[in-house]
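Visitor: Could you please walk me through this model? I am new to structures and would like to go step by step.

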Amino acid sequence: MAIERRVKKIGTVVSDKMDKSVVVRVERQFMHPLYKKVVRKHKKFMAHDEQNDCHEGDIVEIRECRPLSKSKRWEVIRVVERSK
């Protein structure tokens, strides 16, 4: 049995205007080391969407892959939740 070592993240699609590409915003929370306050940060990743299945507002799971273009290093695995 092969062990999957690629990093996976869950985020929200913020742009689907490109062909076979989406921009996914991933949020994370952590405790500030000095002030002990919970801080929320986000980062945007470009991901490959082969079937053009994702739309703006969808929650998707992405994982690392080989470089597909200058800025695309992630691919969409599945749509966790559709937007309303």
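Visitor: Which residue forms a salt bridge with Glu50?

Guide: Lys20 is the partner of Glu50, and their closest N and O atoms are 3.1 Å apart. A salt bridge here is a side-chain nitrogen of Lys or Arg within 4 Å of a carboxyl oxygen of Asp or Glu. This is a predicted model, in which local features need pLDDT of at least 70, side-chain atom pairs count only at pLDDT 80 or more, and totals for chains, interfaces and linings use all residues. Residues are numbered from 1 along each chain as its sequence is written, and side-chain values use heavy atoms, with hydrogens and water left out.

Visitor: Where do Glu50 and Lys20 lie?

Guide: Glu50 is in the loop between strand 3 and strand 4, while Lys20 is in the loop between strand 1 and strand 2, so the pair ties together parts that are 30 residues apart in sequence. Strands are DSSP runs (E, at least two residues), numbered from the N terminus.

Visitor: How exposed is Glu50?

Guide: Glu50 counts as partly exposed because its relative accessibility is 41%. Buried means under 20% relative accessible area, exposed means over 50%, and partly exposed is in between (1.4 Å probe, protein chains only). Lys20, at 31%, also counts as partly exposed.

Visitor: How many salt bridges are found in the whole structure?

Guide: The search finds nine. One of them joins Arg63 and Glu75, with the closest N and O atoms 2.8 Å apart. Arg63 belongs to strand 4 and Glu75 to strand 5, so this pair ties together parts that are 12 residues apart in sequence.

Visitor: What else does Glu75 form a salt bridge with?

Guide: Glu75 also pairs with Arg6, at 3.3 Å between the closest N and O atoms. This bridge links distant parts of the chain, since Arg6 is in the segment before strand 1 (8–15) and Glu75 is in strand 5, 69 residues apart.

Visitor: Changing topic, which residues make up the largest nonpolar core?

Guide: That core has 11 residues, among them Val26, Phe45, Ile62 and Trp74. A nonpolar core is a set of buried Ala, Val, Leu, Ile, Met, Phe, Trp, Tyr and Cys residues joined through side-chain atoms within 4.5 Å.

Visitor: Which element gives the largest share of this core?

Guide: Strand 2 does, with three residues.

Visitor: And what is Val26 in contact with?

Guide: Leaving aside neighbours within four places in sequence, Val26 has contacts (heavy atoms within 4.5 Å) that include Lys9, His42, Phe45 and Ile62.

Terms used: Helix = DSSP H or I, 4+ residues; strand = E, 2+ residues; numbered from the N terminus.
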